Amino acid sequence: MYRSERTLVFLRHGESVWNRENRFTGWADVPLTATGTQQARRAGERLLAAQIAPVAAYASMLKRAIHTLREVLDQLDRPWLPTRFALELNERHYGALQGKDKAETERRYGVEQTAAWRRGFAETPPLIAPDDPRNPRFDRRYAGVPEDSLPRGESLQATLRRVVPYWERVIAPVLETGPVLVVAHGNSLRALAMHLEGIGPEAIRERNIPTAIPLVYRLDSALGVRNRRYLADDEELAAGLERAEQRP
């Protein structure tokens, strides 16, 4: 059936252990907290109440996104939904900053530099060494991926370069068949928002994605944005955006 309007839902994963500890997480595979699991279930309830029934779902290769997606699909009574996991949707790789907390990073590198790494567009954090255990080449889930395709640290610009081709090649064509759910991370979703909304490098500094609050886009047949809204009241949204601003 031809649809003149497409529905796309972005969902940042629920609170993770390192979110709570205010640590740069990146590609580190940390679990959800109990609060994060509850947030994921609540996100599913919001989609159910809004009568948004996705026909397909996509998530990163990181467990905090995967577990969030599973909780959402359980609430929607759609555990059978066709789902794909892709490293292209992974969080921005924070390089040598991964595992460090925001305060520690500010003490070592300065407040201004830390802010540039967190919210800038082209700034790349210090890279991890090739033999660093945190290097994705040592992670079995990326076995078979060419080593030169795996990052040792990324800017938001680099994240945009890997996310957008996946969006265009894999996700966008499915939108014609019905609503699509993408469960990912603060920076991979910011990158997709840049592409969809035409947000520039300076403006993206001010754009945050709150944890576990569905962001619903209505797109036209050419995938232009007609409107966007969060499934939350103003007070809850404001609190979620404030938390996102404070966390790395």
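Predicted model: local features only at pLDDT ≥ 70, side-chain atom pairs only at ≥ 80, totals over all residues.
Residues are numbered from 1 along each chain as its sequence is written, and side-chain values use heavy atoms, with hydrogens and water left out.

A pair of aromatic rings is described by the distance of the centres and the angle of the planes. Planes under 30 degrees apart count as stacked, over 60 as edge-to-face and the rest as tilted. Phe24 and Tyr94 make an edge-to-face pair, at 4.9 Å centre to centre and 65° between the planes. The two are 70 residues apart: Phe24 sits in the loop between helix 1 (17-20) and helix 2 (34-49), and Tyr94 in the loop between strand 3 (83-85) and helix 4 (102-109). Helices (H or I, at least four residues) and strands (E, at least two) are DSSP runs, numbered from the N terminus. Both Phe24 and Tyr94 are buried, that is, under 20% relative accessible area, against over 50% for exposed and in between for partly exposed (1.4 Å probe, protein chains only).

Trp27 and Tyr142 form a tilted pair, with 5.1 Å centre to centre and 45° between the planes. Here the partners are 115 residues apart, Trp27 in the loop between helix 1 and helix 2, Tyr142 in the loop between helix 5 and helix 6 (156-171). Trp27 counts as buried because its relative accessibility is 6%. Tyr142 has a relative accessible area of 3%, so Tyr142 is buried.

Next come the nonpolar cores, sets of buried Ala, Val, Leu, Ile, Met, Phe, Trp, Tyr and Cys residues joined through side-chain atoms within 4.5 Å. The largest has 36 residues, of which Leu8, Phe10, Tyr58, Trp167 and Val182 touch the most other members. Strand 1 (5-12), strand 2 (56-59), helix 6, strand 4 (180-184), helix 7 and strand 5 (215-220) each supply at least two residues of this core. Its largest share, eight residues, comes from helix 6. Not counting residues up to four places away in sequence, Phe10 touches Val182, Leu189, Leu192, Ala193, Leu196, Ile213, Pro214, Leu215 and Tyr217, with contact meaning heavy atoms within 4.5 Å.

On a 1 Å grid over the protein atoms alone, a cavity is a set of points where a 1.4 Å probe fits but cannot get out, and a pocket is an open set with protein on both sides within 12 Å along at least five of seven lines; lining residues have an atom within 4 Å of a point. A volume is the space filled by probe spheres set on the points, which are joined across faces, edges and corners.

The largest pocket holds about 170 Å³, and Trp27 is one of its lining residues, along with others including Leu87, Glu88 and Arg162.

The structure also has two cavities of 30 Å³ or more. The largest cavity has a volume of about 100 Å³; of its 13 lining residues, Arg12, Arg119, Gly186, Asn187 and Pro248 are the closest to its centre. Helix 5 (111-119) and helix 7 (186-197) each give two or more residues to that lining. The second largest cavity has a volume of about 70 Å³. Of the 13 residues that line the second largest cavity, Arg12, Asn19, Thr25, Glu91 and Pro248 are the closest to its centre.

Methods. Phe/Tyr/Trp six-rings, centres within 6.5 Å; stacked < 30°, edge-to-face > 60°.
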